[in-house]
Amino acid sequence: MGSTINSFAVSQLGSLISKFRWDASVRHRSVSSRKLIKFRADSSRVYGISAARQNENNGDLSSSGKTLAADYFEGNEGANDAAEILQPLWDDGFGTQTFKDYLEIAKDIVRPDYGPPRWFCPIECGCPLKDSPVLLYLPGLDGLGLGLILQHKALGKVFEVRCMHIPVFDRTPFQGLVNFVENAVKLESASSPKKPIYLVAESIGACIALSVAARNPVIDLVVILINPATSYSRSQLRLLLPLLEALPDQLCTMMPYLFSMTSERCFHDLGDSVKRAMLNISGFSLAEGAKEVFRNLAALSQPLFGLIDIMPVEFYTWKLKMLKTAAAYANSRLHAVKAEVLVLASGKDNMFPSEDEGRRLSDTVGNCNFRCFKDNGHTLLLEGTVNLLTVIKGTGHYRRKTKRDEVSDYVPPSLSEYKLAFDKILGYYRLATSPVMYSTLEDSNIVRGLRGVPDKGPVLLVGYHMLLGAEIYSLVEGFLREKNMVVRGLSHPEMFTKNFGSKYAESSNFDLFKVFGALPVSERNLFRLFSAKSHVLLYPGGVREALHRKGESYKLFWPEQPEFVRMAVKFGVTIVPFGVVGVDDIVELFLDYNEQMRIPFLNQQIRQQNHNAIKLRNRIERTGEEVSHQDLFVPGFYPKIPGRFYFLFGKPIETEGMKECLKDEKLTKILYKKIKSEVEKNIAYLLEKREQDPYRNILKRMAYCDVSMHVDHVPSFDT
């Protein structure tokens, strides 16, 4: 049922919602079949239940109803035409719509229809990938269901998106809304029991989502909360409720202006506005003073481009009263929430203390992760700076089945994510390091670029890990830019734990590692990647190499056992050994592991941080090798005038036809040593040749470049 219902999409949101019950007919489009569908509005259904019947049941949905698609869809030949994969740098459409689009559509759908709550599917979402999970969006205080409008195109590629709309004149109580969403969840779970159901909820919608999750602990839910209203008791809004009840006539006419001040990007800070509004009111009575305060607030805040004026004042008072009930109901049931939860909080939310609430929920709810966006306001998803799909992928919360598969559930980076990472976030880093890549052809000639790296997988890139893994960004970007190819990097499992993520809750940029293909190193993941014919990046030296000591630059710390060779031979993988140099031209190491362990408080800190950390090689080999003991720590370093990064990918080693290595351990070790030797040769070659690069120093590169010259085109040494 999940895929059929999502094929229903609204061709005109205004027509669907403002004329849902009165028009003789409403036109909808089936995204899958590309046919216009026509059905009578007097028998129109939401999840198979007529609007009239919904109204009678106070929003409660009966599971006995038929689906809308079963009743009205004629021909669905294209239903199986959904794509199975997305190509790297696909167009996610993020940024093509703005807050202005939200306002324009909102003006149309707030027209009164006096109908009950309902679901609709935005036409912009299009047709998702095959077997995509359902995403139910629960709106915030406005109830319009348009809060994902900037996210529709991106989310629609990997989710069947359905948005809840609560008409402005609807007065369904909070419990009725919970029942409405709960029954939709139960129907979806019964139809697709092996797929998760996503609840993306803002503000008061988060209270509904938590309540549904608490009441349905056995249903596989992924709950994403954006600035949840569970913090109502600690918000500024709670102070208005007593005034609202005591002076309804004086306050009601000014309530819309208060709600218009929740977006940091569009309006002044609420606290400052209240302070300014309360100036010069001495001498007024309580009633007159309240009127004067809100009159000043109205003058200080711009009306929401006409939207505020067309919303009934009763709407705002009703929502404010519902907030108290919703927050209390949800908070009393947090202990029963067993779902997978992700909390996204704004650091400049003027309506709720969302950052503190996100941390509280992260500590209270068992399976809960938290991310904070310091510079955003209450309307996090409408401000144009946060791509929700990127956040979901980066926090590891996207999956199509009961358990996440790091390979089959991976969604490659989109073009907007590429630009965000490598132009905006890492733009100056790319400029400073100006990486240059060389590869080796079959005839052993070295050429600039990646022509020597095979396009057809499976391919295993095996190489040297520079200090702090400084080369990873450049390597991943180079393959995407030149070969439109994602390199799946096998990383330390500790990077994917909740404890590690909580340390970087305010630095969501770290999640970009996962967006661009990083996954925990394990035999299972390596097996799955080879089976999928992927390009895989592996560092046998691991953390020990990336956190090397003084005097150990460009020294390999590989284990004695050939950990990856046997599996590579089994799949006939092409192994490409590579070397990279340049970090010593970027930073200078001044406080390494040995020196930190001699400082008492740093020694204690490192031991505490690593007490419960995953010891990767301690699990797979118990040897006396130094590489088996990999404490995680942050070395002390200082920057230098930047030099340049150099990569050399050696001649590919074909393992097809080497099956004898599977039976003879000596042959396996010989191949392993050959790979290691090639990496060392590549490093030695680069260290020698970089001395001949006239543009090794950033000052010379800057002098060479003009505004039209890309850093990747700056010349380097001749091979």
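Strand S13 (residues 436-440) pairs with S22 in the parallel sense, over four bridges. Strands here are DSSP runs (E, at least two residues), and helices are DSSP runs too (H or I, at least four residues), numbered from the N terminus. Two strands count as paired if DSSP finds at least two bridges between them. This is a predicted model: local features need pLDDT of at least 70, side-chain atom pairs count only at pLDDT 80 or more, and totals for chains, interfaces and linings use all residues. Residues are numbered from 1 along each chain as its sequence is written, and side-chain values use heavy atoms, with hydrogens and water left out.

- S22 spans residues 646-649.
- Both of its faces are covered. Tyr646 and Leu648 lie on one side, Phe647 and Phe649 on the other, and all are buried. Buried means under 20% relative accessible area, exposed means over 50%, and partly exposed lies in between (1.4 Å probe, protein chains only).
- Strand S19 (residues 574-581) is joined to S22 by four bridges, and the two run antiparallel.
- Val580 stands opposite Phe647 in S22.

**Thr172**

- Thr172 sits in the loop between strand S8 (160-165) and helix H7 (174-191).
- Why does Thr172 count as buried? Because its relative accessibility is 10%.
- Its side chain makes a polar contact with the side chain of Asp170, at 2.8 Å. A polar contact is a pair of N or O atoms within 3.5 Å; within protein, one must be able to donate a hydrogen and the other to accept it, and residues adjacent in sequence count only if both atoms are side-chain atoms.
- Pro116 is 56 residues from Thr172 in sequence, yet 7.7 Å from it in space, C-alpha to C-alpha.

**Whole protein**

- The protein has 30 helices and 23 strands.
- Of its 719 residues, 59% are buried.
- Take contacts (heavy atoms within 4.5 Å) between residues at least 6 apart in sequence: 81% join residues at least 24 apart.

**Confidence**

- Mean pLDDT (the predictor's confidence in each residue, from 0 to 100) is 80, and 75% of residues reach 70 or more.
- Residues 261-281 have pLDDT below 50; beyond near neighbours in sequence, this stretch has 45 contacts in the model.
- Residues 619-624 also have pLDDT below 50, with ten contacts beyond near neighbours in sequence.
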